[in-house]
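Here are my notes on the model you sent over.

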Amino acid sequence: MVLGVLAAVGCLCAAVTARREMGDTGRYVLAGFNAVAGAALCVYSFLFPVIVVSLLFEGARPGSLASLLATGSGIIGGTLCLIIAAGERRLAAHPCAACGRAHGRSPESRAEQAPVWAFTGAYLAVVGFVARMSVWLNDTIAGRWPSVASRANGISWTAIVVFMVLMTLAGTLLPLALAHRWGRLWPAWSGPLRGRAVPRWLVLGPGLFVGASLTAYFGIAGMTAWIRGEFGGPFLRLALEMGGYTLWGVGLLVAAASYFALTRPPCPQMDTRSGLMGPMDVYSAVRMRQSIRRFTDQPVPRDVPSAEPCQYPSGSSQPTTRRLTSTDDIDVAGPPRWARIAGTVGWMAPILGFVPLHLPWIFAIPFLAHPESFDAWYHGRSNGTESLPDGILGIPAGGFYLAGLTLLAILGGILSLGLIRPWGLVYPRWMPLLRGRRVPAWIPLTPTVLGSALMIGYALTLPLKIPRAIAEASPADPFTITGALVGLPIFLAWTVALPVAGWSYFRRTRRATHQFSASA
């Protein structure tokens, strides 16, 4: 009730001041008020998708309709408040129409220092990691880890070592890289890479993925279950474990927000006639040319600097449109808005949706699963895994299958992102033998076509499979119907987004080839 009243007050204030003159400070206050109210409402209503799926496929239960109305109105109201907050901030900041920066207040290059709040978030993430690992260290010393059940079922020490190494990197190196300059520019000790730009998504992607996963799973779902008494234990242990994970995830998201702002492409409208300043001249020039194509879909003006000398015909003031060679700058038009949306959905659905849902299952956690039948399936004793009781390469059969499926999802997300990003057209600089060369169109298009065909073909069978699965559901199945259906919207979104982004990539690369043929 209190959150609803706050959201209503914020929306009403925005409506009253919409057509009136108001200072920047007042706009910022109104934006902050609506942002807090909107975020609180969305967090409060995070169970809305699960309730909808339960109503559709498991029937109504006492109080389910009231929960649906409460969470649904919370999602709608929270989203509306966040949209209003973004609009008010835009009115207060007076951002550049081309790049979204408030020039003079927003960072302009990677070489600038991250703000204090970014360092605070990064080091809080490290503190959260240390708090979580203190519980694990105590359990290891006391002999409670690995558990008796894990020892009885067999332990893959290789998988444990790999997981602990990745977990340590995500809790120490990753948050520090998001805040410190060496996470944006290769440091002096990196040899031939020093001074070059670190690929943006090499750091930002894991930061967003790990931060969002920890915050959603432990910070929202876990904390809610703990408060509601769905599991218990010593208070200090749970506080260190759940609080550590939550602090770790939130800190990564805070630091990632700063990293995102610091690594944005240069503004395409900045004055380039006098040259770019600083040690990032070549990098900034290339990114500026890419940004101009992205925002305007037009050839780059001659006065914009390039890392390579521009090749113009004698006596001409416009660049020649021709097929790219190994050292040419990108001459393919940027993806249109609908393709960028499809590509974004295409990488977010598998990496931020599919992967977090499967991570607990990979590590034998029966989240949204029947514990006994899941354990039997995971360790190769039932439901199709009986032929592999010893696992594969020391990994339980179910874990190996889930890990392979998750790896394919991650690769599919990277593929979707590459269909709309410049490195999907030209190999990036961190690939020693291929950097600067044109990516042959068939390399991304072949898995795009095959993956789209497989997913569309499978989606066409769902109207027959879903009713049968609901009718035959039983505790003998490893996964619950709710668990399967929670991932259904994620799969359908990816099924639509991948071929749409692939179609745009095909049209843009084909147009460049045809233009070269006509000019030749």
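1. Leaving out residues up to four places away in sequence, V203 touches L174, A177, L178, G183, V198 and Y259, where a contact means heavy atoms within 4.5 Å. V203 is also one of the residues that touch the most other members of the largest nonpolar core, along with L178, V210, W248 and L252. That core has 56 residues, and helix 10 (residues 235-262) gives the largest share, eight of them. A nonpolar core here is a set of buried Ala, Val, Leu, Ile, Met, Phe, Trp, Tyr and Cys residues joined through side-chain atoms within 4.5 Å. There is a second, separate core of eight residues, which includes L357, A369, Y378 and L402.

2. Some bookkeeping before going on. Residues are numbered from 1 along each chain as its sequence is written, and side-chain values use heavy atoms, with hydrogens and water left out. As the model is predicted, local features need pLDDT of at least 70 and side-chain atom pairs count only at pLDDT 80 or more, while totals for chains, interfaces and linings use all residues.

3. Of its 520 residues, 40% count as buried. The cut-offs are under 20% relative accessible area for buried, over 50% for exposed and partly exposed in between (1.4 Å probe, protein chains only). Among contacts with a separation of 6 or more, 70% are between residues 24 or more positions apart.

4. Now helix 12 (337-362) and helix 14 (residues 397-418). Their axes come within 8 Å and cross at roughly 165 degrees; axes are lines fitted to C-alpha atoms, for helices over the stretch in contact, and angles run from 0 to 180 degrees between N-to-C directions. That makes helix 12 roughly antiparallel to helix 14 (under 35 degrees is roughly parallel, over 145 roughly antiparallel, 65 to 115 roughly perpendicular and the rest oblique). The crossing is left-handed, i.e. the near helix is turned anticlockwise from the far one by less than a right angle, with clockwise being right-handed. By class, this contact has 14 nonpolar, eight polar and no charged residues. In that scheme Ala, Val, Leu, Ile, Met, Phe, Trp, Tyr, Cys and Pro are nonpolar, Asp, Glu, Lys and Arg are charged, and the others, Gly among them, are polar.

5. G346 deserves a look within that contact. This glycine is in helix 12 and is buried at 0% relative accessibility. Its C-alpha atom is separated by 5.2 Å from that of S416, 70 residues away along the chain. Neighbours within four places aside, G346 is in contact with G412, G413, S416, W494 and A497.

6. Helix 12 also meets helix 9 (residues 200-227), with axes that come within 10 Å and cross at roughly 50 degrees. The two are therefore oblique to each other, and this crossing is right-handed. Helix 9 brings W201, L208, F209, S213 and Y217, and helix 12 brings W347, I351, L352, V355, P356, L359 and P360. The classes come out as 11 nonpolar, one polar and no charged residues.

7. How do helix 5 (residues 116-142) and helix 10 cross? Their axes come within 7 Å at roughly 155 degrees, so the pair is roughly antiparallel, and the crossing is left-handed. Their contact divides into 17 nonpolar, six polar and four charged residues. L247 of helix 10 is partly exposed at 32% relative accessibility and, leaving aside neighbours within four places, is in contact with L124, A125, V127 and G128.

8. Last, check the loop between helix 12 and helix 13 (371-378), where A364 is found. Most residues other than glycine have a negative phi. A364 has a positive phi of about 65 degrees and is partly exposed at 32%. L368 is in that loop too, with a positive phi near 55 degrees and a relative accessible area of 24%, again partly exposed.

Notes:
Helices (H or I, at least four residues) and strands (E, at least two) are DSSP runs, numbered from the N terminus.
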